[in-house]
Amino acid sequence: MDIALIRVDDRLIHGQVVMGWTQALGIQQILVADDATAANPTQKNLMLLAVPAGVRADILTIADSARIVEQSTSDVKTIIVVKGPTELKALRDAGLKMTEVNVGNVHTGPGRQRLTKEVHATDDEIAIWRELSEQGVRLEAQWLPGTARTDLGKLVAGL
C-alpha cells in the first residue's frame with residue numbers, strides 16, 4: 001500500500017477528502033481507521049456513499065487498519081483518515097509507521113482551545129500532539145491542498 005497521506009479530520013469521509021485530497025494526490029483508496037465507525041453499520045454505509053466512483057474505501061478498526069497496512073504489498077495510492085489525535089496515536093501504537101501527518105479539521109467544543117482556524121484540542125489532545133511531534137512525526141495543519149500549512153508541532157511545543 002502506497003500511503004500518500006495520513007490525515008486527521010473528525011468528519012472522516014466528506015467533500016474535502018473525496019474531492020480535494022483524492023483528486024490532488026491521485027488517491028485510489030481511502031482507509032478510515034476508526035473503531036466507532038467500523039462498529040456502526042449505518043454510519044459506515046452512509047459514509048461509503050460519499051466515495052466517488054473509481055476510489056475504493058474501507059472503514060476498519062484501528063487495529064485492523066494497522067495490520068492491513070503492515071501486511072500489504074499493494075502499490076495502491078492510499079489516504080488514511082482518523083478522527084483525532086487519540087486515534088492517530090492509537091494507530092501509531094498499533095504499529096503504523098508515520099513520519100508526516102496532515103491535520104485538517106478537528107472541531108471546537110467545550111474544553112477545547114483553538115490551535116488554528118480549523119484545529120481545536122483539549123489539554124489531553126495537545127499533550128498527544130506534542131508527544132507525536134517530539135517522537136519525530138511532522139504535524140502540518142492544512143485545510144485543503146494548495147492552502148497554507150501551519151507547523152502544528154511547533155505550535156503545540158510552545159503551549
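How many of the five residues of strand 2 (residues 29–33) are buried? Five of the five are, so strand 2 is largely enclosed by the rest of the structure. Buried here means under 20% relative accessible area, calculated with a 1.4 Å probe on protein chains only.

A word on the model before we go on. It is predicted, so local features need pLDDT of at least 70 and side-chain atom pairs count only at pLDDT 80 or more, while totals for chains, interfaces and linings use all residues. Residues are numbered from 1 along each chain as its sequence is written, and side-chain values use heavy atoms, leaving out hydrogens and water.

Let's stay with strand 2. In a regular strand the side chains alternate between the two faces of the sheet. Here Gln29, Leu31 and Ala33 point one way, and Ile30 and Val32 the other. Strand 2 pairs in the parallel sense with strand 3 (residues 56–60) over five bridges, and four bridges join strand 2 to strand 4 (residues 77–82), also parallel; pairing takes at least two DSSP bridges. Gln29 stands opposite Arg56 in strand 3, and its bridge partner in strand 4 is Thr78.

Now to the helices. Helix 5 (residues 85–93) and helix 6 (residues 123–134) pack at an angle of about 40°, with axes 9 Å apart. The contact (heavy atoms within 4.5 Å) includes Leu88 and Arg92 of helix 5 and Ile128 and Trp129 of helix 6.

Note on methods
Axes are lines fitted to C-alpha atoms, for helices over the stretch in contact, and angles run from 0 to 180 degrees between N-to-C directions. Helices (H or I, at least four residues) and strands (E, at least two) are DSSP runs, numbered from the N terminus. Buried means under 20% relative accessible area, exposed over 50%, partly exposed in between (1.4 Å probe, protein chains only).
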